[in-house]
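Reader: I have just opened this entry. Please walk me through it, one question at a time.

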Amino acid sequence: ATPITADKTFNLFSYSAGALWNFINGYGTGLSYTVSQRAPSAQELYSYGVHESTATFLIGNSNLTKETSHNLELNIQKTLGKVRGKVNVYLNKFNNYIYGYYYPTDYTGGDENFSVVQSQQAAATIKGAEGELTYNWGNVGSGARLFADASRGTFDAGGNLPLQPAPRIGLQVAHQKNGWLANASYTYSFQQNRLATWEVGPTPSYNLLNAGLSYTEKINKVSWTGFMMLRNILNEDIRYATTPMAVRLYAPQPGRSLMVGVRANF
């Protein structure tokens, strides 16, 4: 149905509370609770037409109400020493979570054959965890970071939320000396098979390897940096689960690439 283009007014609020306890020197734990609200966007309320870049026919929903999030998060962290780290676990409960529902029928206007997507909302829950370990080699300008994250989003009535990220694990290393900076990062993303009922999948796992090299020199109060960046060195087929479905299926992320450039800061 065509959305009604009536004026909409939303009164929003947010608040949070938290506490941190350093139970041993260099070690701490924290707990926080946050309530936040989001008004539906103009597109979610009033859209009615073809969206070429996502190969969809979007239909807004003028009956949408504000989305409310209740987030509870617990973290444990180590803040002193060469090895530092933190772990966060969270639970996020949504009232009236706004999402795009793909209808089984397609829009066939003109030469297009696009999916019909309408804004809807429902009670939902997102829970997850993330953590990292960092290591700093004293004063030599070198460091490393090991990280991982995972989350799952579900409708309270059953089924998975759309566009949910896949679990990841990765490593970053960097070394800086005399104006030179070299860095590299590797990320492994697991397969995402927890999809909404209308999503096509699963999205494949992938290995993402990036690297960079730069040199910075200050000349007459201007800081000049020459840089080289290599992206997706392994030339993997990367399709993010968080990308709209038509884009993910037919337009993966760029393959291997090299960027060379110069920038100035003044």
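Reader: Is alanine 148 buried, partly exposed or exposed, and why?

Author: This is a predicted model. Alanine 148 has a relative accessible area of 32%. Buried would need under 20%, and exposed over 50%. The value lies in between, so alanine 148 is partly exposed.

Reader: Which strand holds alanine 148, and what does alanine 148 touch?

Author: Alanine 148 is found in strand E8, residues 142–155. Leaving aside residues up to four places away in sequence, alanine 148 touches Ala129, Glu130, Gly131, Arg168 and Ile169.

Reader: How far apart in space are alanine 148 and glycine 131?

Author: In sequence, 17 residues separate alanine 148 and glycine 131. In space, their C-alpha to C-alpha distance is 5.5 Å.

Reader: How many residues of strand E1 are buried?

Author: Strand E1 covers residues 15–24, ten residues in total. Buried means under 20% relative accessible area. E1 lies largely in the open, because its number of buried residues is zero.

Reader: How many bridges join E3 to E4?

Author: Strand E3 spans residues 48–51 and strand E4 residues 56–59. Glycine 49 stands opposite leucine 58 in E4. The strands run antiparallel, and the bridges that join them number four.

Reader: Which residue in the turn between E3 and E4 has a positive phi?

Author: E3 and E4 form a hairpin with four residues between them. In that turn a positive phi of about 55 degrees belongs to alanine 55.

Reader: Which strand gives the largest share of the nonpolar patch on the surface?

Author: The patch is formed by Phe13, Tyr15, Leu31, Tyr33, Leu72, Leu74, Val87, Val89 and Leu91, with about 780 Å² of accessible area together. Strands E2 (27–38), E5 (67–78) and E6 (83–107) each supply at least two of its residues. The largest share is three residues, and it comes from E6.

Reader: Is leucine 91 buried, partly exposed or exposed, and why?

Author: Leucine 91 is found in strand E6. Its relative accessible area is 37%.

Reader: What is the relative accessibility of phenylalanine 13, and of tyrosine 15?

Author: Phenylalanine 13 counts as partly exposed, at 42%. Tyrosine 15 is also partly exposed, at 45%.

Reader: Is the pair of phenylalanine 23 and tyrosine 27 stacked or tilted?

Author: Phenylalanine 23 counts as partly exposed at 35%, and tyrosine 27 is partly exposed at 34%. Their rings lie 6.5 Å apart, centre to centre. With 35 degrees between the planes, the pair is tilted.

Reader: Which residues form one aromatic cluster?

Author: The cluster has five names to look for on the model. They are Tyr99, Tyr101, Tyr103, Phe155 and Trp198.

Definitions and conventions: Residues numbered from 1 in each chain as written. Predicted model: local features only at pLDDT ≥ 70, side-chain atom pairs only at ≥ 80, totals over all residues. Heavy atoms only, no water. Pairing = 2+ DSSP bridges. Patch = residues over 30% accessible without salt bridge, like charges linked within 9 Å, V, L, I, M, F, W, Y side chains within 5 Å. Areas by Shrake-Rupley, 256 points an atom, 1.4 Å probe, with all protein chains shown as cover. Salt bridge = Lys/Arg side-chain N within 4 Å of Asp/Glu carboxyl O. Buried < 20%, exposed > 50% of the residue type's maximum accessible area, 1.4 Å probe, protein only. Phe/Tyr/Trp six-rings, centres within 6.5 Å; stacked < 30°, edge-to-face > 60°. Contact = heavy atoms within 4.5 Å.
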